[in-house]
Amino acid sequence: MTSERFERGSQKINTLMEGADQGVLKGLGKVAPDLAQYVLEFVFGDLYSRKGLDLKTKQMLTITILATLGNAKPQLAYHINCALNIGITRQEVIDIMTHISGYAGFPAALNGVNTAKEVFAERDQKGLCEK
């Protein structure tokens with residue numbers, strides 16, 4: 001049985017990327033089912049569903065944090081895709097990376113730009129358009 005937080009998280013993550021809740025469950029479910037549940041309940045059911053900041057701002061912050069960490073390339077690529085899905089432009093993604101250079105350093109910014117370029121190329125190859 002799923003909780004209200006789980007359902008809310010599933011709806012929120014699917015706003016960012018269609019079918020993403022099932023991706024989390026399939027990707028983690030067999031090996032780390034508790035972690036899959038925590039991602040959906042806490043990250044998306046609680047944090048992403050909180051009132052206050054709008055979804056675009058939360059997504060821009062997530063991209064900033066992941067790029068700044070410097071060790072989360074798969075998650076950064078995923079969230080860049082999500083950002084593009086909800087109307088954040090490619091230029092805004094690059095502007096985020098440029099801004100990061102002053103606070104997290106050029107390596108973090110350059111690695112973020114390289115990840116963004118890969119995401120852009122993959123989307124172009126698949127014919128995916130931004131909102």
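Start by selecting H4, a helix of 15 residues whose first and last C-alpha atoms are 21 Å apart, close to the 21 Å expected at 1.5 Å a residue. The model on screen is predicted.

**Stop 1: the buried side of H4**

Within H4, show the side chains of Lys 58, Gln 59, Thr 62, Ile 63, Leu 66 and Ala 67, which are buried. They lie on the same side of H4, because they cover an arc of only 165° around the axis. At the end of the helix, pick Gly 70, which follows H4 and has a positive phi, near 80°.

**Stop 2: the largest nonpolar core**

Next, select Ile 63, Leu 76, Ile 80, Val 93, Met 97 and Ile 100. The largest nonpolar core has 29 residues, and these six touch the most other members. At least two residues of this core come from each of H1 (4–16), H2 (20–28), H3 (33–47), H4 (55–69), H5 (73–85), H6 (90–104) and H7 (106–126).

Centre the view on Leu 76. Which residues is Leu 76 in contact with, leaving aside its neighbours within four places in sequence? They are Ile 63, Leu 66, Ala 67, Met 97, Gly 112 and Thr 115.

**Stop 3: H6, from both sides**

Move on to H6. The end C-alpha atoms of this helix are 20 Å apart, which agrees with the 21 Å that 15 residues should span at 1.5 Å a residue. Colour Val 93, Ile 96, Met 97, Ile 100 and Ser 101, the buried residues of H6. These residues share one side of H6, since they cover an arc of only 155° around the axis. The buried residues of H6 pack against H4, H5 and H7. Gly 105 comes after H6, and its phi is positive, near 100°.

Stay in H6 and select Ser 101. Is Ser 101 buried or exposed? Its relative accessibility is 18%, so Ser 101 counts as buried, the cut-off being under 20%. Apart from neighbours within four places in sequence, Ser 101 is in contact with Phe 106 and Ala 109. For a distance to check in the viewer, take the C-alpha atoms of Ser 101 and Gly 112: the two residues are eleven apart in sequence and 9.9 Å apart in space.

**Stop 4: Arg 123**

Go to H7 and select Arg 123. This arginine is buried, with a relative accessible area of 3%. Show Asn 85 as well, as its side chain and that of Arg 123 are joined by a polar contact of 3.2 Å. Leaving aside neighbours within four places in sequence, the residues in contact with Arg 123 are Asn 81, Leu 84, Asn 85, Arg 90, Leu 128, Cys 129 and Glu 130.

**Stop 5: the cysteines**

How many disulfides does a search of the whole structure find? The search finds zero. Select Cys 82, which is in no disulfide: the nearest cysteine sulfur, that of Cys 129, is 17 Å away. A disulfide would need the two sulfur atoms within 2.5 Å. Cys 82 is buried, with a relative accessible area of 0%. Finish on Cys 129, which is exposed, with a relative accessible area of 66%.

Note on methods:
Residues numbered from 1 in each chain as written. Predicted model: local features only at pLDDT ≥ 70, side-chain atom pairs only at ≥ 80, totals over all residues. Heavy atoms only, no water. Buried < 20%, exposed > 50% of the residue type's maximum accessible area, 1.4 Å probe, protein only. Core = buried A, V, L, I, M, F, W, Y, C linked by side-chain atoms within 4.5 Å. Helix = DSSP H or I, 4+ residues; strand = E, 2+ residues; numbered from the N terminus. Contact = heavy atoms within 4.5 Å. Expected span 1.5 Å × (residues − 1). Arc of directions from axis to C-beta. Polar contact = N/O pair within 3.5 Å; in protein donor to acceptor, adjacent residues only side chain to side chain.
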